[in-house]
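Here are my notes on this model, point by point. Please read them with the structure open.

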Amino acid sequence: MDRTATENAYWDRINPVRRTPSKLHIATQALFRLIKEEKSYHKELQHQKQRVERLKAELAKGINVDVNSEYMIRQEERAIAQTEAVFAPLHKKIEDGIKSVQEELAYAEDPTPIDELENARQALLQARDVLGLPPINQDDY
């Protein structure tokens, strides 16, 4: 049974052809995920430090003091140290992600969609910012 042009247009609209993600797209999304993870750890670290400050202030003022107060402060400080230990390996993964995206850009197929190239550029800029590296020239993308 053949479909009419209207039926074909409708069918194409509700069932768009999904292309397989390119290696560049996959590498870019992985780099974005690592950047998001790094930001999440920074936020968590900030909250942990604020909690320790609050607990120390309460202990100094004698508010909510019990036998576990000093133990809780030590536990929170241990959690801070563990969170800070995550950054070195995570930064290494981000550096590897930058290299991966740059390699995929170098070997990208000729008709690479503009939005994919722009996403890769944004990922590289954000990753370099996270690592504290200076931005690179537009020509390097």
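Predicted model: local features only at pLDDT ≥ 70, side-chain atom pairs only at ≥ 80, totals over all residues.

1. A term first. A crossing is called left-handed if the near helix is turned anticlockwise from the far one by less than a right angle, and right-handed if clockwise. By that rule, α3 and α4 cross in the left-handed sense.

2. The protein chain has four helices and zero strands. Along the sequence the pattern reads α-α-α-α.

3. Overall dimensions. Along the principal axes, the C-alpha atoms fill a box of roughly 80 × 45 × 20 Å.

4. α2 against α3. Helix α2 covers residues 23-61, and its axis lies 9 Å from that of α3, at an angle of about 165 degrees. Angles over 145 degrees count as roughly antiparallel, so α2 is roughly antiparallel to α3. The crossing of this pair is left-handed. The contact residues divide into 20 nonpolar, eight polar and 13 charged.

5. α3 against α4. Helix α3 spans residues 69-106 and helix α4 residues 114-131; their axes come within 10 Å and cross at roughly 150 degrees. That angle makes α3 roughly antiparallel to α4. From α3, the contact uses His91, Ile94, Glu95, Ile98, Val101, Gln102 and Leu105. On the α4 side it uses Leu117, Ala120, Leu124, Ala127, Arg128, Val130 and Leu131. Sorted by type, the residues of this contact are 10 nonpolar, two polar and two charged.

6. α2 against α4. Their axes come within 9 Å and cross at roughly 30 degrees. Angles under 35 degrees count as roughly parallel, so α2 is roughly parallel to α4. This crossing, too, is left-handed. α2 contributes Leu24, His25, Thr28, Leu31, Phe32, Ile35, Glu38 and Lys39 to the contact. The α4 partners include Glu116, Leu117, Asn119, Ala120, Ala123, Leu124, Ala127 and Val130. By type, the contact of α2 with α4 has 10 nonpolar, five polar and three charged residues.

7. The annotation. An unreviewed UniProt entry places a "coiled-coil region" at residues 35-65. In the model, that stretch is 87% helix and 0% strand. The C-alpha atoms at its ends are 39 Å apart.

Key:
Residues numbered from 1 in each chain as written. Heavy atoms only, no water. Axes fitted to C-alpha atoms, helices over the stretch in contact; angles between N-to-C directions. Helix = DSSP H or I, 4+ residues; strand = E, 2+ residues; numbered from the N terminus. Parallel < 35°, antiparallel > 145°, perpendicular 65-115°, else oblique. Contact = heavy atoms within 4.5 Å. Nonpolar A, V, L, I, M, F, W, Y, C, P; charged D, E, K, R; others polar. UniProt positions renumbered as here; feature names shortened; annotations may be inferred.
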